[in-house]
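Hi,

Here is the structure I said I'd pass on.

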Amino acid sequence: MKTYQSASKADNTRKSYKTNWHHFEDWCEQHRLPSLPTNEETYGLYLTALANSGYKASTISRRMSTIATAHELAGHASPNTKNIRSVIWAGIRRLHGVEEKGKQPIVLEVLLPMLAAIPNSLLGARDRAMVLLGFAGAFRRSELVGLDVEDIGFVPKGLVVNIRRSKTDQEGKGQSIGIPRGTKPETCPVTAYQAWIEAAGLTSGPVFRPMNRHGAILPKRLSDRAVARVVKIYAAAAGLDETEFAGHSLRSGLATVSWQAGKSERAIMVQTRHTTVASVRKYIRPKSLFIENAADGIGL
């Protein structure tokens with residue numbers, strides 16, 4: 001959609017917006033109803049159709065945001081009127097719920113058997129570095145595969161990683177985080193990263209690259225989907241249900257494990273680059289709800 005070409009959004013966000021908009025546009029065309037601008041009746045019918053088709057409330061919310069943005073960029077009033085919000089959307093939330101069942105975090109009990117399943121090979125060196133760096137840096141998938149060798153520097157205490165652009169840094173000012181050395185070579189992200197770039201002979205360019213079926217490293221960057229594939233492969237190899245994990249599990253795992261270890265929310269936010277406490281608290285998963293629980297040890 002042309003109105004999105006100038007929108008100051010991240011690439012993945014723009015793709016999501018285009019997909020969401022095209023779905024609405026196609027639905028309107030199929031039913032011979034107006035899309036831009038739409039009207040309250042059409043919009044209400046579309047949202048109801050989504051709910052009746054089994055779409056989650058979170059997905060419908062994103063569609064609503066996309067459609068509203070498209071109208072605003074085109075100079076039209078947002079279709080998210082008071083009636084839509086108070087009647088249609090409120091009814092969808094009430095009937096379908098808004099609770100999200102996210103993927104499981106990769107906590108230590110999961111991470112260690114996954115690492116044990118990684119083979120001692122060039123491919124294994126890459127995947128070990130990806131898993132450990134992704135975990136210790138709480139990287140988003142796009143951030144992890146977006147790293148270049150030039151972005152990572154060795155210091156006595158570990159690594160300093162410069163993230164040139166991220167979801168919370170749309171202007172590309174850059175953010176730096178520290179990756180400390182681990183206490184064991186087999187779980188140390190610094191050791192894993194160094195082993196990979198030395199084995200691969202990398203001195204510049206993308207850190208994480210695909211390999212062909214002959215084991216040769218290709219001179220291009222891995223896609224962010226590869227992070228999820230790697231996580232699922234080793235989760236399955238460790239005897240776990242791979243459908244419970246995704247690339248984001250590394251990021252949520254670091255937040256969860258850090259909180260279990262008594263790290264402050266502020267310290268976790270520095271590593272995860274979250275901008276609000278509310279955002280980082282979403283990463284505190286059920287297993288960690290019993291750490292410093294207010295109802296524990298009070299005489300019950």
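Of the chain's 300 residues, 42% count as buried (under 20% relative accessible area with a 1.4 Å probe, protein chains only; over 50% is exposed and in between is partly exposed). Bear in mind that this is a predicted model, where local features need pLDDT of at least 70 and side-chain atom pairs count only at pLDDT 80 or more, while totals for chains, interfaces and linings use all residues. Residues are numbered from 1 along each chain as its sequence is written, and side-chain values use heavy atoms, with hydrogens and water left out.

The chain has 12 helices and 3 strands (DSSP runs numbered from the N terminus: H or I of at least four residues for helices, E of at least two for strands).

H3 (residues 57–73) has 12 of its 17 residues buried, so the rest of the structure largely encloses it. Among the buried ones are Ile60, Met64, Ile67 and His71. Just after H3, Gly75 has a positive phi of about 85°.

Then there's the H10/H11 pair: the axes of H10 (residues 248–260) and H11 (residues 265–272) come within 10 Å and cross at roughly 160° (axes are lines fitted to C-alpha atoms over the stretch in contact, with angles from 0 to 180 degrees between N-to-C directions). That makes H10 roughly antiparallel to H11 (over 145 degrees). H10 contributes Arg251, Leu254, Ala255, Ser258 and Trp259 to the contact, and H11 contributes Glu265, Ile268, Gln271 and Thr272 (contact means heavy atoms within 4.5 Å).

Cheers

Note on methods:
Parallel < 35°, antiparallel > 145°, perpendicular 65-115°, else oblique.
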